[in-house]
Amino acid sequence: MGAAQNDEDEIRNYGREQHERAEQAGREPVQARKEDVRRQEVAEREQRARQAECAACGEVADKSDMTVLDCNHAYDGDCTAQALQHALAGGKTVEEVQ
Ligand SMILES: [Zn+2]
């Protein structure tokens, strides 16, 4: 019985050692840096998904600040205003000015 008990203890201790080693490794600076880089990459990808390139001037902006048409072309505020002013000045529709 004594021997079996020792084996169990040994297995338990080995498991704990492995666990502690893994925990320490998780706190190592390299691991933390990798986690930071990964988090930053995800944030950048999410930001890119929110943005679009203006079909007129090529400037990248947040889609929420742009006019996105049915064709999925996006126009930033300046270009939308310019197109509207052109249209009003020439008596043309925005589509004709583009
Ligand atoms: Zn533009």
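Which residues is Ala52 in contact with, leaving aside its neighbours within four places in sequence? The list is Ala61, Lys63, Met66, Val68 and Ala74. This is a predicted model, and the report below starts from its overall layout.

## Overall layout

The protein has four helices and four strands. From the N terminus on, their order is α-α-β-β-β-β-α-α.

Burial is limited to 6% of the 98 residues. Contacts were also sorted by sequence separation. Of those between residues at least 6 apart, 2% join residues at least 24 apart.

Helix α2 covers residues 29-50, which is 22 residues. Its first and last C-alpha atoms are 32 Å apart, close to the 32 Å expected at 1.5 Å a residue. How many of the 22 residues of α2 are buried? The number is zero, so α2 lies largely in the open.

Helix α3 takes in residues 77-90, 14 residues in total. It reaches 20 Å from first C-alpha to last, again close to expectation, which is 20 Å at 1.5 Å a residue. Gly91 follows α3. The phi of Gly91 is positive, near 65 degrees.

## The nonpolar core

The largest nonpolar core holds five residues: Ala52, Met66, Ala74, Tyr75 and Ala83.

## Ala55 in the β1-β2 loop

Ala55 sits in the loop between β1 (51-53) and β2 (60-62). Is Ala55 exposed or partly exposed? Ala55 has 18 C-beta neighbours inside 10 Å, so it counts as partly exposed. The cut-off for buried is 20 or more.

Not counting residues up to four places away in sequence, Ala55 touches His73, Ala74 and Tyr75. Ala74 and Tyr75 belong to the largest nonpolar core. Cys79 lies 24 residues from Ala55 in sequence. In space, the two are 9.0 Å apart, C-alpha to C-alpha.

## Asn72 in the β3-β4 loop

Asn72 is placed in the loop between β3 (67-68) and β4 (74-75). Its phi is positive, about 80 degrees, although Asn72 is not a glycine.

Why does Asn72 count as exposed? Asn72 has 8 C-beta neighbours inside 10 Å, and a residue is exposed if the number is 12 or fewer.

Conventions:
Residues are numbered from 1 along each chain as its sequence is written. This is a predicted model: local features need pLDDT of at least 70, side-chain atom pairs count only at pLDDT 80 or more; totals for chains, interfaces and linings use all residues. Helices (H or I, at least four residues) and strands (E, at least two) are DSSP runs, numbered from the N terminus. Two residues are in contact if their C-beta atoms, placed from the backbone, lie within 7 Å. The expected span of a helix is 1.5 Å times one less than its number of residues. A nonpolar core is a set of buried Ala, Val, Leu, Ile, Met, Phe, Trp, Tyr and Cys residues joined through C-beta atoms within 7 Å.
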